[in-house]
Each structure stands twice: as structure tokens, then as C-alpha cells.
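Subject: Structure handover

Hello,

Here is the structure for you to look through. Please open it first, then read my notes below.

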Amino acid sequence: MTVLGIDPGTRRVGVAVSDAGDTVALPLAVVQRKDDDSYIEELVEIARVREADRIVVGLPRRLDGSDGPEAHAAMHLAKTLRTRLGLPVHLVDERFTTRIAEDALSVVKVSARRQRPVVDKVAATLLLQGFLDSDKPKVENT
């Protein structure tokens, strides 16, 4: 099984993919967003090439939990991917993934200029890893 994680942004869309056991999320790509929906074709192709069986799309809610234009765009993306690919698409709250990715990259001394090309796929990786971790059955210690 392969799960694709998508962190949609206004200019770039980060993409991550799970390993074969759906245990670890790995950064995959950054897709440049254009003024139209043509970037969705790239995401559809990535999903097909990677033989994804599920997709996780980040839902960028406002701090108060309400949905703004970015959240509505993510919902449109999720619906389009679901229709085009016939796969389950999960919307997951991703309010802080980009900020956490930026912080993580600055801790390892990656300059702001060098962060831009990778921060979106790191954010997608964090989003997907959170989903993979929450989707696993909990094991009790005995």
C-alpha cells in the first residue's frame, strides 16, 4: 500500500509518499502551482506512477478553526483527486506543518533561501507522518 501526502500552498504544493509498509513518510516532490488547476495533472500523474491507494491532503484551517479560501481550495483539490483517481482522499488539519518544517530546517542550519525549495515537501512529509501514525492500531504494553 502507498499513501501520498499533499501539502497544498498558494505557490507550491509539497508531496510526500509512504514506504511500502505505510510506516514512514518520505519527502518526494514540490509541484509549482499555476493560476489554473493544471498543477492537479502533475499530482494525478505522481499518484498513478507511485500507485497510491490513498491520498492525504492538508486542510489549512485558520487558527480559530474556520475555513478560509485556502481551505476551500484544498477541499476542491481533494474532491478533484477523488474523482479523477477513484481513491479515498482524506483531509487532515495541517495548520502548523509549514511552520514546523521551517523551524526544523533552521535548526539544522539551512538558510531561508535554501529552505524554499524543500520546506513544502518537508511539510507534506510531516503531514503524512502524522496521518500514518494516527492510522495505526494502538498497541498496549502488557
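Helices (H or I, at least four residues) and strands (E, at least two) are DSSP runs, numbered from the N terminus. This is a predicted model, where local features need pLDDT of at least 70 and side-chain atom pairs count only at pLDDT 80 or more, while totals for chains, interfaces and linings use all residues. Residues are numbered from 1 along each chain as its sequence is written, and side-chain values use heavy atoms, with hydrogens and water left out.

Start with helix 2. Gly86 follows helix 2 and has a positive phi, near 65°. The helix itself covers residues 69-85.

Now the salt bridges. Each one is a side-chain nitrogen of Lys or Arg within 4 Å of a carboxyl oxygen of Asp or Glu. The whole structure has five. One joins Asp120 and Arg12 at 2.6 Å, N to O. Asp120 sits in helix 4 and Arg12 in strand 2, 108 residues apart. Asp120 counts as buried because its relative accessibility is 8%. Arg12 is buried too, at 18%.

Another salt bridge pairs Arg61 with Asp67 at 2.8 Å, N to O. Are these residues buried or partly exposed? Arg61 is at 31%, so it counts as partly exposed. Asp67 is partly exposed, at 29%.

Best wishes

Technical notes:
Expected span 1.5 Å × (residues − 1). Buried < 20%, exposed > 50% of the residue type's maximum accessible area, 1.4 Å probe, protein only.
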